Amino acid sequence: MRVATVEKVIAVSNHTNADNLAVATILGWDVVCKKSECSVDDLVAYVNIDSVVEPHPYFKFLEAKSYRIRPIKIRGVLSQGLLIPLSELRSFGCDVDNFYEGQDISSIIKASHYEKKVPSKMIGNTKGSFPKFLIRTDEDNLRNYPNALKEIHDSEIYITQKIDGCSATYFVKSGLFGVCSRSLELQPDENAFWSIVKKFDLAYKMQNLGSDIAIQGELYGPNIQGNPTGANQISFAAYNIFFIKERRFGSLDELTEICQSLEIPQTKVIYRGPMSHSLGDFIGLANSQLYENQKTGEGIVIRTVQPVRSKIMGKDRWSAKVLNESYDR
């Protein structure tokens with residue numbers, strides 16, 4: 001997952017409402033910066049949205065924002081991320097002459113991915129770390145990897161609506177049932193994650209599938225990330241199945257079949273068909289998303305119907321999200 005890297009400025013356009021500002025295109029993002037700080041083909045430091053940096057004199061202007069990088073409109077133009085001229089990195093005590101495109105500089109400027117906190121009462125008692133035999137469900141932002149689209153140009157894809165909630169994993173291995181949040185395995189408890197087990201009789205049903213399998217999806221509803229969907233009770237929607245022994249993700253059809261067998265919902269599929277989309281198409285679709293309560297949706301997730309690897313994103317399964325630019329994160 002990209003946090004802070006050295007990247008090339010692909011294009012520069014004039015700011016529509018400020019003579020001394022410009023809009024630089026970096027990867028798939030548009031970033032407002034000073035005209036003097038960017039030119040086409042320049043190498044710059046780019047800090048992604050949904051990142052947080054540690055206090056430093058250079059980041060004094062972020063103090064009031066708790067040092068978090070978020071999309072922001074600057075003189076009416078959306079800016080997504082932070083551009084830092086490489087010369088400014090000298091203030092972090094490093095030699096700027098040998099940087100190269102794609103270099104990870106997160107440790108240099110002490111930047112990390114921002115993680116939304118899950119209330120402890122939602123998790124309850126923990127059993128241990130996320131099991132190593134499973135794969136975590138972090139989705140890369142497609143705008144960080146626009147070239148990854150060429151990996152699926154001849155694939156059948158499907159697009160689902162992204163739900164803003166908490167990642168949940170339910171698994172059976174060697175006959176034993178388990179429950180995980182994004183980073184922890186959880187003890188049986190009166191919490192939101194285990195409430196789904198009771199609601200769908202999930203332990204019994206999954207143990208009777210006769211295979212080592214994990215169901216991954218989004219937990220959402222009251223008291224979870226502000227409940228943007230307006231759900232009146234804790235709910236779950238599956239988006240992945242993972243066959244543990246085979247170390248492989250299931251196809252869309254396998255996911256649908258398992259969800260129907262377990263009588264659990266899966267995330268809303270809004271498109272299935274040939275990959276004929278540009279990055280701009282995906283951004284436009286993400287920006288049009290509304291939940292059923294007509295509130296702005298978080299965005300979309302794109303996957304291939306038959307799982308394929310992504311060398312560009314360095315993932316066992318090609319999958320990527322595109323966020324709604326109007327969504328308040």
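1. The largest pocket holds about 680 Å³ of space. A pocket here is an open set of points on a 1 Å grid over the protein atoms alone, with protein on both sides within 12 Å along at least five of seven lines; a 1.4 Å probe fits at the points, and lining residues have an atom within 4 Å of a point. Grid points are joined across faces, edges and corners, and the volume is the space filled by probe spheres set on the points.

2. A word on the basis. This is a predicted model: local features need pLDDT of at least 70, side-chain atom pairs count only at pLDDT 80 or more, and totals for chains, interfaces and linings use all residues. Residues are numbered from 1 along each chain as its sequence is written, and side-chain values use heavy atoms, with hydrogens and water left out.

3. Back to the largest pocket. Its lining has 35 residues, and Glu 115, Lys 162, Gly 165, Arg 182 and Glu 218 lie nearest its centre. S13, strand S14 (166-173), S21 and S22 each give two or more residues to this lining. S13 gives the largest share, 3 residues. Strands are DSSP runs of E, at least two residues; helices are runs of H or I, at least four; both are numbered from the N terminus. By class, the lining has 10 nonpolar, 10 polar and 15 charged residues. Nonpolar means Ala, Val, Leu, Ile, Met, Phe, Trp, Tyr, Cys and Pro; charged means Asp, Glu, Lys and Arg; the others, Gly among them, are polar.

4. The second largest pocket has about 500 Å³ of space. It is lined by 18 residues, with Val 32, Phe 61, Ile 74, Gly 81 and Leu 82 closest to its centre. Strand S3 (29-34) supplies the largest share, 3 residues. The classes here are 11 nonpolar, 2 polar and 5 charged.

5. Now helix H6 (residues 279-287). Its buried residues (under 20% relative accessible area, 1.4 Å probe, protein chains only) are Leu 279, Phe 282, Ile 283 and Ala 286. They lie on the same side of H6 because they cover an arc of only 100° around the axis, taken from the directions from the helix axis to the C-beta atoms. They pack against strands S13 (156-162), S21 (299-304) and S22 (319-323), where contact means heavy atoms within 4.5 Å.

6. Last, an open sheet. Its 7 strands run in the order S11-S16-S15-S14-S17-S18-S19, with antiparallel pairing. Two strands pair if DSSP finds at least two bridges between them. S11 (126-129) and S19 (248-249) are the edge strands, each pairing on one side only. S18 (residues 235-243) and S19 pair over 2 bridges. Phe 243 has Arg 248 in S19 as its bridge partner.

Key. Buried means under 20% relative accessible area, exposed over 50%, partly exposed in between (1.4 Å probe, protein chains only).
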